[in-house]
Amino acid sequence: MENIIFEKKVSKGSKFNQVYIPKEMEKIVEVGDLVQIKLLDKHKVLYYKNQKKLPDFKEYLIKKVFSNLQKFKEIKSIFIVGSVLYETIYNDIDIIITIDKKRRNLERNIEDFLTKELNQKFHVLLFDEKKLEELIQIDPLTRVMFNNYISNKRIDFDYKKKTNEKHIMFLLMMPEDLLELSLPSKIFYSNLQRLIAIENFLKNKDLEREKLLNKIKKEIGSELSNKIKNNKEINNKEINILRKFIKRKIKNIKNIIKNGQK
Amino acid sequence: MGKNNDIEQLTNLMSKSLRHKIGSIVNENEIYAERYAKDSDMIMKEARKINSKKNWNSYNKVKIKEKLRKKLKKELEEKDFLDNKKFEIMDEEINKALKCFELE
């Protein structure tokens, strides 16, 4: 028999999904003929959560990440988070993956595999679903991260927050250190974000990244905010402004915890 | 005078970095360790800068170890929200850090 091949996409039917025979082949493949369907490529959908549409190149890259990761059977769902979603120039691609069972070196294996396949730097964090749920409940920074993402499945994390005082105190250690240590200015920037996120978390306020960054600008001024965002050197007067801000925020946060947060 | 000042700075940075690291390890939930190990690394990176500029003699190295131990113990005592296992792994982490900086 003549070797007849055509490629079509599966479309949605009212009762069953279907594949149409092309018009020009209706005399070749007729009603009653026996055919075989072979899956050539799995359709990849990107699920956007609170996220502006990405340029085609980034979408292509993320689809490639998702399809490459199909090789790892223990993966349940994949989330692309962080700077790749909002920066033109990004250092690496942050991926959070939920898994069934963690095995030794899996994170590293996935990072190396993706870097080899896609020639980009990746940072992978693995969690089982229960741990991730717990983290989203108690950790303000994880909640900021999961405020917007792109995933391979439609998933909404609607977990209620829980205040874990020990964890908040743990998070405050780094901003407290900045009151004494002179570290690169970008570390000040990320810790200002951290403090505003913790405060907003405790006050049940918005954790959208853009809003947190705007608040930093509002509090310390655009010029200083841009300087520390870009890790520029800052003078003693500017360090004092930042330390004053950090001190005030730490005091607010401790007060909220002490008085029982809302 | 200069060297003493550098020893102060170095041990300040190292003690705080190790406090973050130990805090991540002993915290009841290991998820913190993965996510917040970065805090420790960032501070240790600064300590490394100071260390790499200096040639320490054996007397300096002994002094660094003593100061680091004293400062780290104080740091850990102050953070009462960290599990008490912190003191059990303190010396091990000090030794690892000193070895990494070729100070032992």
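## Ground rules

This is a predicted model, so local features need pLDDT of at least 70 and side-chain atom pairs count only at pLDDT 80 or more, while totals for chains, interfaces and linings use all residues. Residues are numbered from 1 along each chain as its sequence is written, and chains are lettered from A and ligands numbered from 1 in the order in which they are written.

## Chain A overall

Chain A has nine helices and five strands. Here helices (H or I, at least four residues) and strands (E, at least two) are DSSP runs, numbered from the N terminus. Reading along the sequence of chain A gives β-α-β-β-α-β-α-α-β-α-α-α-α-α.

As for dimensions, the C-alpha atoms of chain A fill a box of roughly 85 × 40 × 35 Å along the principal axes. Chain A has a radius of gyration of 24 Å, whereas a compact globule of 262 residues would come in near 18 Å. (That radius is taken over C-alpha atoms, and the globule rule is 2.2 Å times the number of residues to the power 0.38.) Of the 262 residues, 25% count as buried; buried takes 20 or more other C-beta atoms within 10 Å of a residue's own, exposed takes 12 or fewer, and partly exposed is in between, with C-beta atoms placed from the backbone. Among contacts in chain A with a separation of 6 or more, 63% join residues 24 or more positions apart. A contact here puts two C-beta atoms, placed from the backbone, within 7 Å.

## Helices α5 and α6 of chain A

Helix α5 (residues 165–177) and helix α6 (residues 185–202) of chain A have axes that come within 9 Å and cross at roughly 150°. That makes α5(A) roughly antiparallel to α6(A). On the scale used, angles under 35 degrees are roughly parallel, over 145 roughly antiparallel, 65 to 115 roughly perpendicular, and the rest oblique. The axes are lines fitted to C-alpha atoms, for helices over the stretch in contact, and angles run from 0 to 180 degrees between N-to-C directions.

The crossing of α5(A) and α6(A) is left-handed, a label used if the near helix is turned anticlockwise from the far one by less than a right angle, with right-handed for clockwise. From α5(A), the contact takes Ile168(A), Leu171(A), Met174(A) and Pro175(A); from α6(A), Asn191(A), Arg194(A), Leu195(A) and Ile198(A). Sorted by class, that contact has six nonpolar, one polar and one charged residues. For the classes, Ala, Val, Leu, Ile, Met, Phe, Trp, Tyr, Cys and Pro count as nonpolar, Asp, Glu, Lys and Arg as charged, and the others, Gly among them, as polar.

## Where the chains meet

Chain A puts 12 residues into the contact and chain B puts in 14. On the chain A side, α3 (129–138) and α5 each supply at least two residues. The most comes from α5(A), with six residues. By class, the chain A side has nine nonpolar, no polar and three charged residues.

## Helices α1 and α3 of chain B

Back to the opening pair. The axes of helix α1 (residues 2–26) and helix α3 (residues 58–78) of chain B come within 8 Å and cross at roughly 45°. The contact as a whole divides into nine nonpolar, four polar and seven charged residues.

Asn152(A) sits in the loop between β5 (149–151) and α5 of chain A. It is buried, with 23 other C-beta atoms within 10 Å. Beyond its neighbours within four places in sequence, Asn152(A) is in contact with Phe66(A), Ser77(A) and Ile78(A). Leu125(A), in strand β4 (residues 122–128) of chain A, is partly exposed, with 18 other C-beta atoms within 10 Å.

Two non-glycine residues have positive phi. Asn119(A), with phi of about 55°, is in the loop between α2 (106–118) and β4 of chain A and counts as exposed, with 7 C-beta neighbours inside 10 Å. Glu102(B), with phi near 55°, lies in the segment after α4 (86–100) of chain B and is exposed, with 10 other C-beta atoms within 10 Å.
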